[in-house]
Amino acid sequence: MTILTHAAGPERMGRLMAILGVPMLLGPILGPIIGGVLIDHASWHWIFLINLPLGIAAIAYAAWALPGDETHPSESFDFLGMLLMSPGLALFLYGVSSIPEEGTIAAAKVLIPMIVGAVLIVAFVFHTFRPEHPLLDLRLFKNKNLTVSIITMFLFVAAFFGGLLLVPTYLQQIRGESVTNSGLLMAAQGIGAMVTMPLAGALADKMPIGRFVPIGLVLITGGMFGLSRIDESTSYWGYIIPVLFVMGLGMGATMMPIMTSALKTLRGKEIARGSTLINIVQQVGSSVGVAIMSVLLTNHFNNSNAVQAGQKLGEAQQVGTPQAMQQAQQDPVVIEALKAAGGSVQKLTQMAMHEGAEAFASTFVVASILVALTFIPAFFLPRKPLETPPAPEGEGGEEVPVLMH
């Protein structure tokens, strides 16, 4: 991103982000499909191993294709910042990602890593204002446009990616779809984003993003709310796929323009520091969003005897032995759920699917509310054209274009 933004310059940032968005969108389209094929026909290990040949190919191509440049070392590495931030962020995200498994934030596996990680991150924040070249430059938050864009980005990715995780889970657990079929159905969202992303990129160079990003947020909020109406038999082509397509339209009109706005007023070495800051915010925001949605969904499941009983019977069927099925049927939760179903396993399964679908629908309500909250910081995104003052003297004596809000 740093190489591309330096090459394009701020006046072409929107078009650059639109082009950069094409390979980024191939991930949401092709990733779930390829991942599904690997899981269904090979092993889940291959969703990680596949990155090895791809990474080697990327390194080889970069070595051949990228032009050489002259380096002028001017910064010292912030070792103390690295020792504080890296383990701090890793521990905090580990604690957050453990919430769904533990079912509560009060568990030691969740609370201890989060507290230790938070302490290290706070220590890093105090430290980062001391060295001249910190690992993560929080001084960039003096830039109002960058600050508003990053806050908007954090809320957006938390709500959007948190809610998006629920869709393939619903397709597999409630509708019984294979991992591959779930990936194919999810492609509707990526196709929607491909429609609006080039248009949003072009608009980002011609008008302030504060004028059209809210339109994308309206589409995403509407799509999330639409998913809150699903049940165990909702039509794919008549409802789910069109809703995912609309959400994709919203994502294409929102995510890349926000990144454009965040980077557009930076110059020189600030671009590299700003892109690092944006990437970290995206990772933290999506992790927090996924944890929130997973906890809410898990709690809904735990409040339903039918869902718990259905899960236990389903696990016994996967084992495939009479002993496993007999043991599952003797479970107190299964016994109570069977009584409520009149002793019919088939009726219990129907009840589990219905209440499970209701759990997903209720969680999507929360996701739509979180997306709606994004309108608050989005209201402060630039609504007037950014003025271009005379280019100041950049680092190393070169002219560096800069935009001021």
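Predicted model: local features only at pLDDT ≥ 70, side-chain atom pairs only at ≥ 80, totals over all residues.
**Rings and helices: a quick chat**

Colleague: Is Phe160 buried or exposed?

Modeller: Phe160 counts as buried, because its relative accessibility is 0%. Buried means under 20% relative accessible area, exposed means over 50%, and partly exposed is in between, using a 1.4 Å probe and protein chains only.

Colleague: Okay, rings next. How many aromatic pairs does the structure hold?

Modeller: There are eight aromatic pairs. One of them joins Tyr61 and Trp64, which are tilted, with 5.8 Å centre to centre and 45° between the planes. Rings of Phe, Tyr and Trp (its six-membered ring) pair if their centres lie within 6.5 Å; planes under 30 degrees apart are stacked, over 60 edge-to-face, and the rest tilted.

Colleague: Where do Tyr61 and Trp64 lie?

Modeller: Both belong to helix H4 (residues 51-65), three residues apart, or about one turn of the helix. Helices here are DSSP runs (H or I, at least four residues), numbered from the N terminus. Tyr61 is exposed at 54% relative accessible area, and Trp64 is exposed too, at 68%.

Colleague: Back to Phe160: why is its pair with Phe161 edge-to-face?

Modeller: The ring centres of Phe160 and Phe161 are 5.4 Å apart and the planes are at 80°, so the pair is edge-to-face. Phe161 is partly exposed, at 28% relative accessibility. Ring pairs also bring Phe156 into a cluster with Phe160 and Phe161.

Colleague: New topic! At what angle do H5 and H13 pack?

Modeller: Helix H5 (residues 79-97) and helix H13 (residues 270-302) pack at about 20°, their axes 9 Å apart. That makes H5 roughly parallel to H13, a label for angles under 35 degrees. Axes are lines fitted to C-alpha atoms over the stretch in contact, and angles run from 0 to 180 degrees between N-to-C directions.

Colleague: Which residues meet there?

Modeller: From H5, Met85, Leu89, Leu93 and Val96 meet Ile280, Val284, Ser287, Val288 and Ala291 of H13, where contact means heavy atoms within 4.5 Å.

Colleague: Last one: how many residues of H12 are buried?

Modeller: In helix H12 (residues 255-264), 10 of its 10 residues are buried, so the helix is mostly covered. Among them are Met255, Pro257 and Lys264.

Terms used: Residues numbered from 1 in each chain as written. Heavy atoms only, no water. Helix = DSSP H or I, 4+ residues; strand = E, 2+ residues; numbered from the N terminus. Parallel < 35°, antiparallel > 145°, perpendicular 65-115°, else oblique.
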